[in-house]
Amino acid sequence: MDFITHLNEGFQTNSNAEYALQMKAYLKNKFEFYGVKSKPRREILKASVKEHSPEVKANIISITFELYAESQRELHHCGMELFEKHFKNNYQKEDINYIEKLIITNSWWDTVDYISKWILGNYLKQFPEQIPEVIYSFSKHENMWLNRSALLFQLGYKEKTDEALLFQLCLEHKESKEFFIQKAIGWTLREYGKSNPEAVLKFVKKHTLAPLSHREAIRNII
């Protein structure tokens, strides 16, 4: 596609080998990088979208997953950010299938956390009746990143957080030995604690959580 070619040319022109090595090491050498940081990455993406706007609008799904099939992590970020911007407040129910695919493709915390909050979270705000089915499926799934997304989707819900569901999910996963699950439990409790610190403190005192989860949950309360 002309858009993807143009986007890659923009990243190649602005690539930085030193930054690429640093960024690759930061993500445990799981992905390749052009070495373009977040702000210039978004500027390059914006310029390419402006240049090829009709193509992008007409092919958003195929473009998203073609970008996800590329080696460079910057292109994965471009794919999910394009998807989020295009579909925000305008999802169809069946789009959950694309969202699940995004979560389980090239999975690591940097993409999964963004998708959980800004894509899955907003999709479920639009279709709250889908929450029981989707979150039950994700929470029970053998894929750890889907489990993490179930724990994190209410980030930013603040006082609209479903407290009972949040606590239920934390209890379902409190025995997990996975670092990313223990961290997610602590993070989601800490965020809810900004709206309801008393409830979070009461929950943490009542239930034995992993030390990491416990520490993260109460970090801003005590």
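How much space lies in the second largest pocket? About 250 Å³, where a pocket, on a 1 Å grid over the protein atoms alone, is an open set of points where a 1.4 Å probe fits, with protein on both sides within 12 Å along at least five of seven lines, and lining residues have an atom within 4 Å of a point. Grid points are joined across faces, edges and corners, and the volume is the space filled by probe spheres set on them.

Before going on: this is a predicted model, with local features needing pLDDT of at least 70 and side-chain atom pairs pLDDT 80 or more, while totals for chains, interfaces and linings use all residues. Residues are numbered from 1 along each chain as its sequence is written, and side-chain values use heavy atoms, leaving out hydrogens and water.

Stay at that second largest pocket and select Met23, Phe33, Ser38, Arg41 and His77, which lie nearest its centre among 15 lining residues. Two or more lining residues come from each of α2 (17-26), α3, α6 and α8; helices are DSSP runs of H or I, at least four residues, numbered from the N terminus. The biggest giver is α6, with four.

Next, the largest pocket, at about 360 Å³. Pick Leu45, Lys46, Val49, Leu82 and Lys85, the ones nearest its centre out of 14 lining residues. Here too α6 gives the most, with five residues, and α3 (38-51) and α4 (53-58) each supply at least two.

Now colour α7 (residues 96-104) and show Ile96, Ile99, Leu102 and Ile103: they are buried, meaning under 20% relative accessible area (1.4 Å probe, protein chains only). Look down the axis of α7 and its buried residues fall within an arc of 115°, so they line one face of the helix; the arc is that of the directions from the helix axis to the C-beta atoms. They pack against α5 (60-68), α6 (73-87), α8 (109-126), α9 (131-140) and α10 (144-152).

Jump to Ile4 in helix α1 (residues 2-13), buried at 6% relative accessible area. Leaving aside neighbours within four places in sequence, Ile4 is in contact (heavy atoms within 4.5 Å) with Ile63, Glu66, Leu67 and Glu70.

Last stop: Asp113 in helix α8. Is Asp113 buried or exposed? Buried, at 11% relative accessibility. Beyond residues up to four places away in sequence, Asp113 touches Arg148, Leu152 and Trp187.

How values were computed
Buried < 20%, exposed > 50% of the residue type's maximum accessible area, 1.4 Å probe, protein only.
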